[in-house]
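Me: Please take a close look at one part of this model, the helix packing in one of its chains. Then set that part in the context of the remaining chains.

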Amino acid sequence: MSALLSCSGLTRRFGGLTAVNGVTLDFAPGQVHAVIGTNGAGKSTLINMLSGELPASDGRITLAGDDITGWPQARRARAGVGRSYQRTTIFPEFTVFENCRLSAQAAHARPWALWETASACATSGRIAHEALASAGLADLAGRAAGSLSHGGKRQLEIAMCLATEPRVLLLDEPLAGMGSEETDRMLELLARLKPGHAILLVEHDMDAVFRIADRITVMVNGEVIASDAPAAIRSNRDVQVAYLGEH
Amino acid sequence: MDFATFLVQCLNAVQYGLLLFLLASGLTLIFGIMGVINLAHGSFYMAGAYLAFGLAPLFGQNFLLMLAVGVLLSALFGYLLEWAFFSFLYEREHLQQVLMTYALILVFEELRSMLVGNDVHGVKAPDWLAGSIPLGSLMTYPVYRLFASAACIVVGVALYWVVNRTRLGMMIRAGASNRDMVRGLGIDITRLYRIVFAGGVALAALAGMIAAPLSSVYPGMGGQVLIVCFVVVVIGGIGSITGALIASLLVGVVDTFGKVFFAELSGIGIYLLMAIVLIWRPEGLMKKGF
Amino acid sequence: MARWLPWIAALLLAALPAVLTPYTTDLVVKIVIFAVFALSLELLVGMTGLVSLGHAAFFGLGAYVAVLASPESDPGNLLVLLLAAMAVAALYALFVGALSLRTKGVYFIMVTLAFAQMAYFVFHDTKVGGGSDGIYLNVRPVLGPLDGGNKLHFYYLAVAALVGTYGLLALLRRSRFGHALAGIRVNEQRMRAAGFATYRYKLAAFVLAGALAGLAGCLLAIKDGVVNPELLAWQESGAVLLMIILGGLGHLRGAVIGAAAFALLKELYATPALVGNFLADHWQLTLGLTIIAFVALLPKGLIGLLERRR
């Protein structure tokens, strides 16, 4: 399976501190590739560099053969790099549906068409409905986004990401703050999304990671110390010492 | 331009820049630590100038004593003002802070108008600072301007020492980078803010007092200098005292030499400088931090 | 009911000259012009979340263009003047916007203020605009039978401008562009993550807002027949910001209500018969204290007050 998104030698320095050092990873469609590590391991910085929010100090990022290292975030998003955030970034005053429709609109914007109302855009409306259905939020479409439960908001976060019709999903701790039922629902959703998407999953919930991931990369102090199938990671001595042992 | 004239302009540029530095460091401290944008900062400068006008007859030749008293009075005023007004602004959005401090300017302008009227006043430098020293064979340079620069340098050094070498300074630097953490450390954040604010006001007022014999005392002097101060902070980066120094001197040079070479367009010189910096480095010349 | 309010208000405005005194009609025209100015800022602050403290630059620029582009002793072409004023204001807005939008938050506020001050100095210090005294518009412009110098004609021109601006912005709000601006206001990061080139949207809003401010300025110049640099001063920028907060941010009606409230407050505070001689002379004090109380107690503006009582 050829990689859809890959980075090689990706490095980020903040003054004297090297947060991410020479990371080389692949993300292929049909796979959930989880990245785990203790706090400060560089996971957030990595995901920010891949999404385009943080420029890389060194290294390259490729999307389906194109070098996107210098591309701003919006351009990467339109090219198919979707992102969900650790801290919920939905639009609380808009309805659940409008949140998705607005996200979908990014690729189908006709900003000069002032005489058309936004809700008249059939394309973005359809995409929004599909995204909501995928995320399991179809019956909550008309609710104000701010009134959803925590789990619901995290689902909406994913739905908004899906509404941009991405090929790559960069998911930053989507399970944060969820109970076991909500976690199950989210994992089912990720399993459904697997075919057709390359998924990067940054997570702290080890049980969930081992349930869903096809590949696990372990980061310590900004560097990759192991990248393999879950079973191999579980029995990897370095990983046990550095990370799993403390867990 | 011959060398002596050039030297004079350089000295003027540095003196103006240093005065701006005093103002800008007060503004950047208040914004860097408390996150409040204060449009009334220029009014403190004006207050300082009018204070000098009011106190000068009382102190006669004891200029330094007058400055000291002025600093104490303005610090006290700042302390009270923080308690009565500014402490309510910290949690508010920038827009609300802008409006409330804008309204404060209106209030201060009217209070000044009611207390001392709208006339333009001059303040005479004390005799021991009046007069000029020779520069080269043809030119002379006013002693007072040299004093002004020297005073600003002294204050700047003192500020550096306080911020970098004292416990108070350590709390200030910590507060600048992480307000919530400082609170968590058990430091009395309320007292800290009040002290920092009083310091900022005192710096602005001192700048006004020192500037009084140079630029005369007039209504509207606050507004003018405020905007220049903003330009300095934008160029130098918010929260950076070093940045404020570099930017102030830069602005001083551009403004002074701009006036010499392009008399009519001199007013816009510093804004063009700001535009250039924005094109090149939108975050300002220095990164955040003291 | 609320949907019909703007239409009813427009009709009322159209009928007013028949019943009001010339002085009051003059006041209403001033309010109408400032309402256009306030609406232009509402687009920036209320709809896009960009707090600009230098909006008066475009207002004053539009005013100066009206005078500078008019022939010395003949009436100019009204349409040409309006378009020229908007075009020049839009151009300066493009320059200022392109640079200031590279900054955020407090920096943006300070940079917009600084660029307005720059424009102020151009008109104050140079001979371009007649210096600090300003310049006069000798003959009001005309367009066919429409005479800018005729008070009644001008009244309806101003009202038409207000209705047009209000309508345009209302349309804009519902459009894709408007929704994108709303998203940018709430969470620009999320909009970028979705794929919106947010800088371009903000710049477009900034330029449009500048053009509309220029329209208002042009109208003011034609009304008063004189312009001076104070039109670009920071006090003016602060005043228009105040107007939209006074009325209520986030509502188009708020900008209009705020402009009216501000003008009326100023009239009120400066009238000796109502507040006594001393306070009337120092009306800025009362105004300042009112603003402070207002922002502290009624952060949602007058519209917020109405909504609470419902």
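Reply: In this predicted model, the axes of helix 2 of chain C and helix 8 (residues 198-224) of chain C come within 8 Å and cross at roughly 170°. An angle over 145 degrees counts as roughly antiparallel, so helix 2 of chain C is roughly antiparallel to helix 8 of chain C. On the side of helix 2 of chain C, the residues that meet helix 8 of chain C are C:Val29, C:Ile33, C:Val36, C:Phe37, C:Leu39, C:Ser40, C:Leu41, C:Leu43 and C:Leu44. Helix 8 of chain C answers with C:Ala205, C:Phe206, C:Leu208, C:Ala209, C:Leu212, C:Ala213, C:Leu215, C:Ala216, C:Leu219, C:Leu220 and C:Lys223. By class, this contact of helix 2 with helix 8 of chain C has 18 nonpolar residues, one polar and one charged.

Helix 2 (residues 22-47) of chain C also packs on helix 6 (residues 151-174) of chain C, at an angle of about 20° and with the axes 9 Å apart. That angle makes helix 2 of chain C roughly parallel to helix 6 of chain C. The crossing of helix 2 of chain C with helix 6 of chain C is left-handed. From helix 2 of chain C, the contact takes C:Thr25, C:Val29, C:Val32, C:Ile33, C:Ala35, C:Val36, C:Leu39, C:Leu43 and C:Met47. From helix 6 of chain C, residues in the contact include C:Phe154, C:Tyr155, C:Ala158, C:Val159, C:Leu162, C:Thr165, C:Leu169 and C:Arg173. The residues of this contact of helix 2 with helix 6 of chain C divide into 16 nonpolar, two polar and one charged. C:Val29, C:Ile33, C:Val36, C:Leu39 and C:Leu43 take part in the contact with helix 6 of chain C and also in the contact with helix 8 of chain C.

Chain C also has a contact with another chain. Among the two pairs of chains that touch, chains B and C have the most contacts. Their contact takes 35 residues from chain C and 34 residues from chain B. On the chain C side, the elements that give two or more residues are helix 5 (105-125), helix 9 (234-247) and helix 12 (283-297) of chain C. Helix 5 of chain C supplies the largest share of that side, 14 residues. By class, the side of chain C that touches chain B has 25 nonpolar, eight polar and two charged residues.

Within chain B, strand 1 (residues 132-135) and strand 2 (residues 139-142) run antiparallel and are joined by four bridges. B:Ile133 has B:Tyr141 in strand 2 of chain B as its bridge partner. Three residues lie between the strands of this hairpin of chain B, and B:Gly136 takes a positive phi near 70°. No contact joins chain B and chain A, and their closest C-alpha atoms lie 11 Å apart.

Chain A is divided into domain 1 (1-80 + 166-247) and domain 2 (88-165). The C-alpha centres of these two domains of chain A lie 25 Å apart. Between them, 11 residues of domain 1 of chain A are in contact with 12 residues of domain 2 of chain A. On the domain 1 side, helix 2 (73-79) and helix 6 (180-193) of chain A are the elements that give two or more residues. Helix 6 of chain A gives the most, with four residues. The domain 1 side of this contact in chain A divides into seven nonpolar, one polar and three charged residues.

Chain A also holds an open sheet of six strands, in the order 6-7-8-3-9-10, with mixed pairing. Its edge strands are strand 6 (81-84) and strand 10 (223-228) of chain A, each of which pairs on one side only. Direction ignored, neighbouring strands of this sheet are turned by 15° against each other on average. Strand 6 of chain A runs parallel to strand 7 (residues 168-172) of chain A, with four bridges joining the two. A:Arg83 stands opposite A:Leu170 in strand 7 of chain A. Helix 5 (residues 150-162) of chain A lies across both of these strands, running at about 165° to strand 6 of chain A.

How values were computed
Residues numbered from 1 in each chain as written. Chains lettered and ligands numbered in written order. Predicted model: local features only at pLDDT ≥ 70, side-chain atom pairs only at ≥ 80, totals over all residues. Axes fitted to C-alpha atoms, helices over the stretch in contact; angles between N-to-C directions. Parallel < 35°, antiparallel > 145°, perpendicular 65-115°, else oblique. Left-handed = near helix turned anticlockwise from the far one by under 90°. Contact = placed C-beta atoms within 7 Å. Nonpolar A, V, L, I, M, F, W, Y, C, P; charged D, E, K, R; others polar. Pairing = 2+ DSSP bridges. Domains from an automatic or database assignment.
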